[in-house]
Each structure stands twice: as C-alpha cells, then as structure tokens.
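User: I'd like to go through this structure with you, beginning with the ligand and then moving on to some helix packing. Could you take me through it?

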Amino acid sequence: MIRYRNVHKAFDYPVLRGVDLRIETGELFALFGPSGTGKSVLLKTTIGLITPDRGDVELDGVSVFFGGKKALADVRCKVGYVFQNAALFDSFNVYDNVCMGIPEAELKALPRVEVARRVWRALELVNLDPSQVMGKIPSELSGGMRKRVGIGRAIVGRPEVLLWDEPTTGLDPINTAAIEQLISRLSDELKVTSLVVTHDIDGGLAISDRVAMLDQGTLRFCGTPDEFRASEDQKVQAFIDRAAAEAALATGSQL
Amino acid sequence: MSTFTPTVARDPGPLTRWFAGAGRRASVTVEHAGGLGSLFWKIVVATVRLRVNFRDVVEQFFIMGIQSVPIVLVTGSLAGIVTSQQGGYQMTSAMPNYILGSLVVQTVVLEMGPVLTAIVLVGRVGARITAELGTMVVSEQIDAYQSLGRDPVELLAAPRVIAGVIVLPLLVAIADAVGIFAGMLAANLTVGLGNEAFLYGARLFWHSWDLLYSLTKALVFGLAIPLISVHMGLRTKGGAEGVGLTTTQAVMFMTLTILILDAMFPPLMLN
Ligand SMILES: Nc1ncnc2c1ncn2[C@@H]1O[C@H](COP(=O)(O)OP(=O)(O)O)[C@@H](O)[C@H]1O
Ligand SMILES: [Mg+2]
C-alpha cells in the first residue's frame, strides 16, 4: 500500500499543494493530469528522490521520509521506477543497464548465468530482442527502445511496487499495446502494485482499477474508470475532451 | 482560487541593496562550504568502508592522469623556461650568476609547478567532471542510481576524488622535474650559465621540505579540483543550458579556490 499524506512541494512556485492518496496493494492505479502539474514530482517523492516540504509518504506502513536510512533503502529495493525519459546510464551497454536493476546484494549472490537469464527475460518482456540489443549503448538505440530498456531495468529486480512515469509516451501503437499488456499482466499475475502516470487516457482507463486526476497541485478526481468517464466535473470533462482530440490528431497524422 | 496582487517595490536604497547582496553572497558561500564538507565526509566514509570500486578509481586515474601527461610536460617546461629567462634579465653583475639556479628551482617547485598544473587540470579534468555529472543530473541518471538503491557518491564522486588526490602529486612531480630541466637549459642558452653552476646554486638554497611543500600543495589541489567539480555537477539544474552554466561556474570556483589556497600556503607552511 502506498499512502501519500498531505504532500506539499514548491519549487519556484507551489507544485504539489496537499496531495492525499491511498493506493492499495496489488492495485493498478492510473494518474492523469496536464503537463507540468507535478505528476513526476509526486512519483519521485514516493522513493525519496524529492523531499516534500510538508507531508509524508508511506509504503506498507513505513514512512519514507521519517523512517531513517534503512527504511528508505528498503523502500527503494521494493519499488521499481520507470523514468519518463528512460534515464539509462549512457556509459553502460543495455545488458549492464538492466543488470543495475537487480538489487546489489542479490546481484552479488546470484550466479552469473542466473543474472543473464533474468536480464534476457526482462528484455523479452518489454518486446525487445535480447540478442540484438544487449551489447548496444543507449545512444545507439531509438527513443522507444531506450524507454523499453528503462522498463526492463525497473522490472528485472522483481519489485513489489512499480511506478511508471509515462511508459507509453513516444511509443508506436504496437509497443504501446505491448507495454499496457505488460502492466496489466504484472498486476494480475504477480500482484504488483502499479501507479501509472499516463497521457493515454483510453489505455489508462482500460487497464486500471482506479484512476485519479491531478490538477494545479491537488487531486481533482479519484475513483473508478467508470466514475471518471461519467464525471460531471468540468475540468475532468475538458481534460477527457482535449485528450480525445489529441488522440484523434495523433492517429490522423499517422495515416 | 488564488489572486495575483501586483506590488510596487519601493527602491530600498543603495546601502540596503549592497547589504542584501553581500548577505546573499555570504549565504551562498556558507551553503557551498557546507555542501563541500558533507560531500567530503561522505566520500571519506565510503572509502573507509571499502564501498569504492577499485576499477573505477583506476579508470579515473587513467583519464585524469595518463591523459594529462602531455599537457603537463608542456606547461612544466614553459614554467621553467619563463622563470629562467625572467630571472636572467633581472640578474645584476653584483650577484653571482649561480643564484639563477636557485631562483628557477625554488620558483618552479614551490609555485609554478603546483599552480600551473592545477590550473591546467581545472580545465582538463574539473570541467569535464562537472559537465559529465551535470548531464547525468539533468537526464535523471543520478535519480536512476538512487532509485536502484545505488549511491552516486560511492559510484561516481569517490573514484574521481580519490584518483585526483593520487594523480595531482604525481603530475606535479613530473612538472617540477621537467620545469627544472627546461629552466637549466634555458639558463644555459640565455645567460650562458653552465649546468654545474645552475645545480650548485639550486643545492645551495634547497631545503629538503621544498619538495614536500610542493607535493602537499598538489595534494590539496588534487582534492579541491574533483571535490568542487563533483559538488557543482551534482547541483546542476535545468537542461543543457544548466550544464553549461554550472560548468562555467565550477571553472571559476575551482580557479579562484586554487589561487586562494595557494596564497594561504606560505603563512601556514613556510614558518
Ligand atoms: N527538480 C526540480 N527543480 C525545480 N523545479 C522542478 C523540479 N522538478 C520539477 N520541477 C517543476 O515542477 C513542475 C512539475 O513538474 P513535473 O512533475 O515534471 O510535471 P508533470 O506533471 O508533467 O510530470 C514543473 O513546472 C517543473 O518545472
Ligand atoms: Mg512528468
């Protein structure tokens, strides 16, 4: 269970203004919101990459910010994070990048073959051909491939919780579908708790148990996909309409 | 609902402005000092707990050290030649000319060798580290290390600082040696001072701790350059523009620090 309690964060101006949210264990939760409203900031607070000015985040009852170093290390070990722009290590090849996703202690204990097997499997899961990409460095990959390697790195450590920052933005429709399928499969089969920030409203609504919309630093909406679609809230409706228009435009431009 | 109320700021007057500016600069200085201190401490802890990968240190040693040897040879010999020529001009007939040997050796070993080598390394090594780490910050690679439970201080900062502390004394020793040699040749060519006389003069005023002094300076500079460049790199904000800005600031910061530390050495060590 992830629990955000009254999370505030300001940079030059207030970004998060009191976010309260509770995501149950095993739940697949989608977070929508316009660009620049602090979705990435909220995700980063979950594993202590950004410290809130006020409030706290708890993971399975353990405070991320007041639990001390050990608690934070445990949280980071349990959580896999998919960065918006992949954030691959430029100087490592794909194999070493994905390897870094395995917790340090485990990496030392596991036999080499087992590590290789897990890396291989992770790359297959994100629809990449391991034998093709393993030796390449990130600058030799396309944006979409980098993104998928980043996902592979986040899942190879078998996390209990996955935080996805726009995992399908910039992917072609086939890979978008593959990643969405992967997200639901991880949640169904392995009971991974997932929090997915996405601009793909249809995809998000289709796979998630509950959704929320972040707007101007607070949660504007939180509920089931059906409630979201039926919401009378003007902001929510405007957001759905705009996203639909953008999606239509995107499909149009692809034809 | 938030409303924006425009406020007309009253000009606080030049004196208040000056104090506000000075206060801001002072607080920035304190902030940097604190950041550098805590970074240094974390690196010490990581090193003592053997959390630093030996291979990373070797790699950094190679990048900083071996690849800097050519430029250090050039600056070292130029330092010797310039001092020798300059000293040659200022010699009067009342002075025994072997004094030039002492002048060149002392200037090269105590000042020119360490300072010029350090300044060269600010550009060659310091700027590179800041830009490299800054790029890693803005592309979220530092966040990625942390999200994977790895410590950027252990993986990135410590190898660079350890390598710097080892590399700079070695490079300064090289610079000192070629500086003396080049100075001796130049003395021979410009004022016709023979090598024996040059070395006689050099020995006459040589203290055994001169070399120690030179290498201590090198050690301090070798700590300051990577420490400041890592510190600045990790503070980078914004995109590519931010990387450019911090790199420039880091170069200024390192250069000034080298010169200030250099000025603090004589009162601290020569007494
Ligand atoms: N580390 C940071 N330093 C300063 N400002 C930041 C930082 N991270 C995010 N911001 C600002 O916070 C706001 C929200 O950013 P973000 O969470 O990335 O938005 P999004 O909802 O599109 O993911 C943006 O205006 C951004 O400039
Ligand atoms: Mg974002």
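This is a predicted model: local features need pLDDT of at least 70, side-chain atom pairs count only at pLDDT 80 or more; totals for chains, interfaces and linings use all residues.

User: Which residues are around ligand 1?

Analyst: The residues around ligand 1 are A:Phe11, A:Tyr13 and A:Val15, then the run A:Pro34, A:Ser35, A:Gly36, A:Thr37, A:Gly38, A:Lys39, A:Ser40 and A:Val41. Sorted by class, the shell holds five nonpolar, five polar and one charged residues.

User: And what lies 2.7 Å from an oxygen atom of ligand 1?

Analyst: That is a polar side-chain atom of A:Ser40. Backbone atoms also take part: a backbone N or O atom of A:Gly38 is 3.0 Å from an oxygen atom of the ligand, and a polar backbone atom of A:Thr37 is 3.2 Å from an oxygen atom of ligand 1.

User: How much of ligand 1's accessible area does the protein cover?

Analyst: On its own, ligand 1 has 560 Å² of accessible area, and the protein covers 64% of that.

User: Switching to chain B, at what angle do H1 and H6 cross?

Analyst: The axes of helix H1 (residues 14–48) and helix H6 (residues 152–190) of chain B come within 10 Å and cross at roughly 95°, so H1(B) is roughly perpendicular to H6(B).

User: Which residues make that contact?

Analyst: From H1(B) they are B:Leu39, B:Lys42, B:Ile43, B:Ala46 and B:Thr47, while H6(B) contributes B:Val153, B:Glu154, B:Ala157, B:Ala158, B:Val161 and B:Ile162. These divide into eight nonpolar, one polar and two charged residues.

User: What about H2 and H4 of chain B, how do their axes cross?

Analyst: The axes of helix H2 (residues 54–64) and helix H4 (residues 99–138) of chain B come within 10 Å and cross at roughly 130°, and the two helices are therefore oblique to each other. The contact is made by B:Gln60, B:Ile63 and B:Met64 of H2(B) with B:Arg124, B:Val125, B:Arg128 and B:Ile129 of H4(B).

User: How does that contact split by class?

Analyst: The contact of H2(B) with H4(B) has four nonpolar, one polar and two charged residues.

Technical notes:
Residues are numbered from 1 along each chain as its sequence is written. Chains are lettered from A and ligands numbered from 1 in the order in which they are written. Side-chain values use heavy atoms; hydrogens and water are left out. Axes are lines fitted to C-alpha atoms, for helices over the stretch in contact, and angles run from 0 to 180 degrees between N-to-C directions. Helices (H or I, at least four residues) and strands (E, at least two) are DSSP runs, numbered from the N terminus. Angles under 35 degrees count as roughly parallel, over 145 as roughly antiparallel, 65 to 115 as roughly perpendicular and the rest as oblique. Contact means heavy atoms within 4.5 Å. Ala, Val, Leu, Ile, Met, Phe, Trp, Tyr, Cys and Pro count as nonpolar, Asp, Glu, Lys and Arg as charged, and the others, Gly among them, as polar. A residue is near a molecule or strand if one of its heavy atoms lies within 4 Å of it. A polar contact is a pair of N or O atoms within 3.5 Å; within protein, one must be able to donate a hydrogen and the other to accept it, and residues adjacent in sequence count only if both atoms are side-chain atoms. Accessible areas come from the Shrake-Rupley method with a 1.4 Å probe; for residues, only the protein chains shown count as cover.
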